[in-house]
Amino acid sequence: MVQEYQSPVRVYKHPFELIMAAYVRRFPRSHLIPVFVDSEILKETQSKDGTTLVTERRCVIDIEAPRLLKRIAGVDYLYFLQKNTLNRRERTLRIEVHNETFSNRVVVWECCNYTVHPENEDWTCFEQTASLDMKSFFGFESTAEKLAMKQYASSIKKGKEMIEYYLKELEAEGVTYIPRWTPPVDPGAAGLQPTPRSAARAIPVSAAETGPDSKEEPVAGSPDDKLDADYIRRYLGDLTPLQESCLIRLRQWLQETHKGKIPKDQHVLRFLRARDFNLDKAREFLCQSLTWRKQHQVDFLLDTWQRPQLLQDHYTGGWHHHDRDGRPLYILRLGQMDTKGLVRASGEEGLLRQVLSINEEGLRQCEENTRVFGRPISCWTCLVDLEGLNMRHLWRPGVKALLRIIEVVEANYPETLGRLLILRAPRVFPVLWTLVSPLIDENTRKKFLVYAGNDYQGPGGLVDYIDKEIIPDFLGGDCMCDIPEGGLVPKSLYRTAEELESEENRLLTDSIYKSASIFKGAPYEMLIEINEASSVITWDFDVSKGDVIFHLYHSKRAPQPPKKDTLGAHGLASPGAANAQVIDRNWVLGQDYSMVEKALTCREGESVQGSHVTRWPGFYVLQWRFDSSPACSASSLPGVDDVLASLQVSSHKCKIMFYTEVLASHDFRGSMTSLGSSHSGFSQLSAATTSSSQSHASSTVSR
């Protein structure tokens, strides 16, 4: 495998001629680079007019490697050939290096360039490119490659220090200026041609030029832009040479191949960090995210999407100053949030857009804080207050929606969370953590700090991360926090499945909730195959029209595929045509299949949640039937009269919104009480049903 390296542009604020005077002092050897044992000039040629000087050297390198490896290789030193081409007129120096030792096993190539800064002729730029191709090395290819890259990274850093050292040495000797080279005077020439400026590409303005208080924002400019080392240190942080190389190469690849908007360097760096600077993995990761952003126009989200009043009033989160490290601080009072109400009223799409807008705001806040504090800030701190968290927050569809949102955020906003402070965690928190933690990246989980009760008020608590002056009042501080109080979402605001699914520009391809119509004589049935006993079937449904009877059946036999609608074949529109019968009409209850849950009558406006722990593998059928009278027939199979009646009475129709999920028993390690059945009124016709006092729970868990 070929290892490649590309350096950022290093800027020396000294003229080219002075840099060259410092550079030649490193030969034939330098105490600043112990591995550089010696060098000798093999050949030196100069053009007739003195413009170009070409110097060829053989360099002796003492690689820091295990003695055993050196003995196996049979060498103590490595020899490299160096060719320096100095163009005095253009004020450039090109250095080309390749290995002489083991050239048939290993190919090492390096190219360095000293050029004049494109915007200041009295400054000098330095760039470096290298590659290592380890073909074979006595069976130690991987070890030798790691040693070589480690040694090379170390020498890169020392190279800059060496130039600065010899510049100071020249200054101590009184040499602070060296005149530019001029061509020999030709008596017959009418005059001298002006010295042309070297062709150099644009470089982002460095911090040294702008200063920490500058309001100018660095941007990813034209495809020819190059990154300045000072710019990286000022806006991106301290990176190792190899990390800088990964960033530059990925950025260059994007500029050459990506046709859309080029992401900012800070964002590209996040994807590299998320993949431990593995260039190939980071490139794939980033490309998937860029495609997603373009498909859903996420770059324009903050300008085009307006936060609904519902979320403004009931989403209990907001930005609040910054932490001690200058990171933006986001506070979420999760315990005060009506998760079910928000999911039912705004839908997953609304909640996802809310979370995405928060992340987009966070990216902007990081850029602003980087300018304000004069140091790189690429992530934020999140404080989550869990006071009030209870089992209602473990409502399965709500948890499912949360997990799906986490998946989207993890895939498109990596390395944006610097620290997560979880305060006042109740006893139910381990259950929620069990459900959520598998979807969170391991590096992200390490940033979580959890405090139970009032532990956050003591030593090692909140004051270690947030200034006392900005601790919110609801946490015992003196700072007023402009975050909504939350509370229950009025059930009159709940939306139907059709309304949620009809939204345009959906970010999620499907919705958690499904809708179904139930006709008299044509029940709605859902088949679930269970392969192992003790699995947990969960359901959550709302009756939005009419009254229904809910059944759960079990059969060891696989139901046959539903037959064609015979009425439709004769040109008659059957209202239950979409409701394929799963239970065969010839089956006998008690012989071919059995009822495993007692029939449950559900009235219009009720919300029902429940679960069933399966005793046997096989096929389970969830059935919703039209309830025509208070005294319903025990038979689960519709008769011919019922079907004919349903053709004549169009009002004999019920509608439900439902959600089902199957959990393996070993996957659900929390309290089983969170799966208990419950009823609650939610009628969309009357706001009076918003009172939670009408809710009552009754466990229907079957074991």
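Q: How many salt bridges does the structure hold?
A: The structure holds 33 salt bridges. This is a predicted model, in which local features need pLDDT of at least 70, side-chain atom pairs count only at pLDDT 80 or more, and totals for chains, interfaces and linings use all residues. Residues are numbered from 1 along each chain as its sequence is written, and side-chain values use heavy atoms, with hydrogens and water left out.

Q: What makes Arg58 and Glu100 a salt bridge?
A: The term asks for a side-chain nitrogen of Lys or Arg within 4 Å of a carboxyl oxygen of Asp or Glu. The closest N and O atoms of Arg58 and Glu100 are 3.0 Å apart, so the pair qualifies. It links distant parts of the chain, 42 residues apart: Arg58 sits in strand β4 (residues 52-61), and Glu100 in the loop between β6 (92-99) and β7 (106-116). Strands (E, at least two residues) and helices (H or I, at least four) are DSSP runs, numbered from the N terminus.

Q: Why is Arg58 called partly exposed?
A: Buried means under 20% relative accessible area, exposed over 50%, and partly exposed in between (1.4 Å probe, protein chains only). Arg58 has 23% relative accessibility, so it counts as partly exposed.

Q: Asp299 and Arg293 form a salt bridge; how do you know whether Arg293 is buried or exposed?
A: The relative accessible area of Arg293 is 7%, so Arg293 is buried. Asp299 is at 30% and therefore counts as partly exposed. The closest N and O atoms of this pair are 2.8 Å apart.

Q: Which parts of the chain does the salt bridge between Arg344 and Asp542 link?
A: The closest N and O atoms of Arg344 and Asp542 are 1.8 Å apart. Elsewhere, salt bridges that share partners join Arg333, Asp385, Glu387, Arg424 and Glu485 into one network.

Q: Why are helices α7 and α8 described as oblique?
A: Helix α7 (residues 265-274) packs against helix α8 (residues 279-295) at an angle of about 130°, with their axes 8 Å apart. That makes α7 oblique to α8, because angles under 35 degrees count as roughly parallel, over 145 as roughly antiparallel, 65 to 115 as roughly perpendicular and the rest as oblique.

Q: Where does Val35 lie, and is it buried or exposed?
A: Val35 is in the loop between α1 (16-23) and β3, and its 12% relative accessibility means that it counts as buried. The C-alpha atoms of Val35 and Ile61 are separated by 5.5 Å, although the two are 26 residues apart along the chain. Pro28 has its place in that loop between α1 and β3 as well.

Q: Which residues does the cis peptide bond join?
A: Phe27 and Pro28 are joined by a cis peptide bond, with omega about 0°.

Notes
Axes are lines fitted to C-alpha atoms, for helices over the stretch in contact, and angles run from 0 to 180 degrees between N-to-C directions.
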